[in-house]
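Below is a short note on the structure you sent.

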Amino acid sequence: MTSNTADALTLETEFGVLPQWNLADLYPGRDSAELSADLEKVAKDAKALADNYKAKLSDLAANDADALAAAIEAYEAITDLAGRLGSYAGLVYTGDTTDPARAQFMGNVQEKLVAASTMILFFELELNRIDDGALEAAMGSSEALAHYRPWLTDLRLEKPHQLNDELEKLFTEKSTSGASAWNRLFDETMAGLSFEVGGEDLNLEPTLNLLQDTDPKKRETAFHALTKVLGQNQRLFTLITNTLAKDLEISRRWRGFEDVADGRHLANRVEREVVDALLAAVRDAYPKLSHRYYAMKARWMGMDQMNAWDRNAPLPDQDDRIIGWDEARKTVMDAYAGFSPKMVELAEPFFNDNWIDAPTRPGKAPGAFAHPTVPSAHPYVMLNYMGKPRDVMTLAHELGHGVHQCLAAQQGALMAAFAGNRARGR
């Protein structure tokens, strides 16, 4: 694997020339004047919003619905700008989570964004204190305010679990030193792990990739390398998990959620009963689906019982050739074309304009995702492409999220979530 420069927009690999992100559509660079100016602007605009509207939203709802809509538009603009800054910092960091300079940059941006968020924290809290009837009447009298009805209706679902302003401010200010810090420690640790496989030191993604190899010896060697290194980090991972569990329990208790998962259900806008029914159905189907499948796969592979390292092994008649990037792109785009030419049109810029970061690199975050960034920009897709059929399916999956995010962007920073599912692909 070779690269011309650390910031090259492509990387030549055994899977073809893979695209890397061009983040210049967000900012020209970490030290750019544009980024510095926007960091100053988000702080200035947040202060202006607080000066102009704090403790005034109820009065606006009662007396000037159009002015309330203008306040929400100002809040939306700050949300979009903060999202752009945060997205850029997060994507830079994702490219190499083990680079201290990138980690420091993300930390600095996060600190400034939390400060801005604290200044405008009042906004959603005050909106939720407006009487239901008064808000409904205001939306009925103002077309501009009625535009935000889905967002306002959704926001009020949070009302029973919101705390007073000072406690919410405390939760916000401590966010970077709480759960997010422990998640970051986990991500950086995982990205920095090295696994010795066959005399070669590999990071996580290439090691996991070997679990899909046709050679059973390579699968077993990779499996034991994984369990050895992960076992050596067991104390750290246990501390992270237990700390996150306690942090969640504290938040659940203070916000009045009955069940430990209720906060997540609310964030996903799904009822606990629906999730419980899904879990029960899946568990009940284990003997009929999962257990039968692995028993059949063991027989296909000539085994009495499948080894742990053979769970992701290809089937005996499966094509084990490496799928190059160009073929993967054609496969996905042909499938999209069969569904809708519009989907191809929306997907093309991801390939042509480097909205995809495909190669695996030391320090790069594992996994894959589609990040929506903000409506004023465009999404970015992250992969760790290694030429397996599963990688092609991952490309199709994450690119589908990206297309959806492009379609939703026209709704604006506050309303984009209501053009479809709320969560980004991961």
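1. C406 is a residue of helix α19. The model is a predicted one. With a relative accessibility of 22%, C406 is classed as partly exposed, because the partly exposed class lies between under 20% for buried and over 50% for exposed. Leaving aside residues up to four places away in sequence, C406 touches L346, F350, W355 and P379. One of these, L346, is 60 residues from C406 along the chain, and the two C-alpha atoms are 7.4 Å apart.

2. Helix α18 covers residues 341-352, and its axis lies 9 Å from that of α19, at an angle of about 110°. This angle makes the two helices, α18 and α19, roughly perpendicular. By type, the contact of α18 with α19 has 10 nonpolar residues, two polar and no charged.

3. How many aromatic pairs does a search of the whole structure find? The count is 14. One of them is F15 with Y385: the ring centres are 6.2 Å apart and the planes stand at 85°, so the pair is edge-to-face. F15 is in the loop between β1 (10-13) and β2 (16-19), while Y385 is in the loop between β7 (380-382) and α19 (389-408). The pair therefore ties together parts that are 370 residues apart in sequence.

4. Are F15 and Y385 buried or exposed? F15 has 5% relative accessibility and counts as buried. Y385 is buried as well, at 1%.

5. A second pair, F223 with W309, is tilted, with 5.5 Å from centre to centre and 55° between the planes. F223 sits in helix α12 (residues 216-232), and W309 in the loop between α16 (290-300) and α17 (325-339). The pair links distant parts of the chain, 86 residues apart. F223 counts as buried at 18% relative accessibility, and W309 does so at 17%. Both are classed this way because buried means under 20%.

6. F15 and Y385 also belong to a cluster that ring pairs form with W325 and F351.

7. R269 has a positive phi, near 55°. R269 is in the loop between α14 (262-268) and α15 (272-284), and its relative accessible area of 22% makes it partly exposed. T373 also has a positive phi, near 50°. T373 is placed in the loop between β6 (369-371) and β7. At 12% relative accessibility, T373 counts as buried.

Terms used
Residues numbered from 1 in each chain as written. Predicted model: local features only at pLDDT ≥ 70, side-chain atom pairs only at ≥ 80, totals over all residues. Heavy atoms only, no water. Phe/Tyr/Trp six-rings, centres within 6.5 Å; stacked < 30°, edge-to-face > 60°. Helix = DSSP H or I, 4+ residues; strand = E, 2+ residues; numbered from the N terminus. Buried < 20%, exposed > 50% of the residue type's maximum accessible area, 1.4 Å probe, protein only. Axes fitted to C-alpha atoms, helices over the stretch in contact; angles between N-to-C directions. Parallel < 35°, antiparallel > 145°, perpendicular 65-115°, else oblique. Nonpolar A, V, L, I, M, F, W, Y, C, P; charged D, E, K, R; others polar. Contact = heavy atoms within 4.5 Å.
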